Structure formats: structure tokens, C-alpha cells
Amino acid sequence: MRIDIVTGLPGIIKSPLNESIIKRARESGSVIIETHDLRDYTHDRHKTIDDTQYGGGAGMVLKPEPLFECIETLQKQREYDEVIYLTPDGNRFDQSMATELSLKENLILLCGHYKGADERVREALVTKEISIGDYVLTGGELAAAVIVDAVVRLLPGVLHNSTSAMTDTFQDNLLGAPVYTRPPEYRGMKVPDVLLTGNHKAIEEWRQEQRMKRTKEKRPDLLNE
Ligand code: ADE
């Protein structure tokens, strides 16, 4: 899979995608992630990527020209499945969307900033609009990092244990079961006996019960979806 991230602030996005599991996924070739600085697609001395909005009002708007030039340059090089614009008024991101995106070959993630991108970019280039939640960030870069993280960990071979992603919270609309590690007793608090038995069938049943119990307690809304 290949992900191209288009941004006016490449510094924000680079560091979270250069650590731990995502870093290893890039090194092993499971994913190619490239960041593109919109300033490289400007032609004025000041490398201007934004401007005031027509009609008045606070906040700068990303200019269409650098965005069109950057995205069209990429589209000449390969075919993209989606051009995704990160915006608080997009469709809410969730685990099923992460799974869907993990099956794609080439994605462009476009980070809005300030007041957002000129509407003509959305109309002409964007195929999907995604929000990571009902709150407003200063830009789409952190949202892009969240999406890349959630998608890349689902790619084959990225997590050591391939069943790990299958038993995640939200995969089949249930929260995950509680997890424990050594020691078996700590400050009087014991690990549930069943987990120490080595009886895989009993452990699996216990985990399934716990997932259901947790979901009912913490997120009953998931059971009605
Ligand atoms: N840009 C600003 N806020 C955002 C959000 N909540 N989701 C995605 N992109 C954003």
C-alpha cells in the first residue's frame, strides 16, 4: 500500500509516522508513506499557500493552485483509489472505515489547515471527506496521522500476531476483553483463574463473555449498530 500525504506543515506529520510499529511497517515495505509540502508547488517568492477568504471573515483559506498542482502531479504517476480530505465536517472515521481503507492500493490524504481548502479543490479532486471526531483541530495533519496509524496496523504482516487485530476493540462491534500479564498477584489483586489454566477453550469463552459484558457497560450503543 502507498499513502501520499499533502500538507502545508509536513513537520507535524513526519514524527508520529516514524516511530514503533508504523516505522517498522515502512522499513519492511508493507507501506510506502510520502509527505508532500504544498510550498514546493508554489511559484511566488514567499511560497504562499493560503489567502484571505472572499466575502470577508476571519481565517485563511488554502489556495487552489498548489493543491491542484500537487495532487495532479501525483495522479500522473499512478492511479489513486481515493483522494481523502481531512475535515471536521467529513464522515466520522471508525474501525470499519479503517478496515475498508486498508484494502486500497494507493491513497492521497489531504490535510486542511486554517479555515480549510478552497471549495473548488473539494469539488474537483476530493473523493472522500473524513473527520476523526466532533471537535476542531488546528489542521488535518494529526487526523491524517490517526488514520494512517489505524489503517497501517491492519495491513498483513504489520502486527506480529496476525490474530491480534482481529480481537481488537471494535472489530465485530465489541470492546476488547481485559488483559493481564505477570505477576499473577499484585497488591492483593489477582489475575482471573481461568487465564492461568492453559485451557484455551475456557479462556476463549471467558474472553467473549467479558467483551460482551464490557460493551454492555461502557458502550451499549455499539450493540445496536
Ligand atoms: N481538521 C480539523 N479538525 C478535524 C477533525 N476533527 N477531523 C479531521 N480533520 C480535521
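Among contacts in the protein chain that join residues at least 6 apart in sequence, 75% link residues at least 24 apart. The structure described here is a predicted model, and its protein chain holds 7 helices and 9 strands. The C-alpha trace spans about 70 × 40 × 35 Å along its principal axes.

Of the 225 residues of the protein chain, 41% count as buried. The chain exposes about 13,500 Å², and carbon and sulfur atoms supply 50% of this area. As for charge, the chain carries 29 positive and 36 negative charges, whose mean positions are 6 Å apart.

Leu17 sits in the loop between helix 1 (10-14) and helix 2 (20-27). Its relative accessible area is 2%, which is under 20%, so Leu17 counts as buried. Once neighbours within four places in sequence are set aside, Leu17 is in contact with Ile5, Ile22, Lys23, Arg26, Ile33, Ala145 and Val148. Thr87, by comparison, is 70 residues from Leu17 along the chain, and the C-alpha atoms of these two residues are separated by 20 Å.

Leu137 also belongs to a loop, here the one between strand 7 (128-131) and helix 6 (141-152). With a relative accessible area of 32%, which falls between 20% and 50%, Leu137 is therefore partly exposed.

Terms used: Residues numbered from 1 in each chain as written. Predicted model: local features only at pLDDT ≥ 70, side-chain atom pairs only at ≥ 80, totals over all residues. Heavy atoms only, no water. Helix = DSSP H or I, 4+ residues; strand = E, 2+ residues; numbered from the N terminus. Buried < 20%, exposed > 50% of the residue type's maximum accessible area, 1.4 Å probe, protein only. Contact = heavy atoms within 4.5 Å. Areas by Shrake-Rupley, 256 points an atom, 1.4 Å probe, with all protein chains shown as cover. Lys, Arg positive; Asp, Glu negative; His and termini not counted. Charge placed at Lys NZ, Arg CZ, Asp CG, Glu CD.
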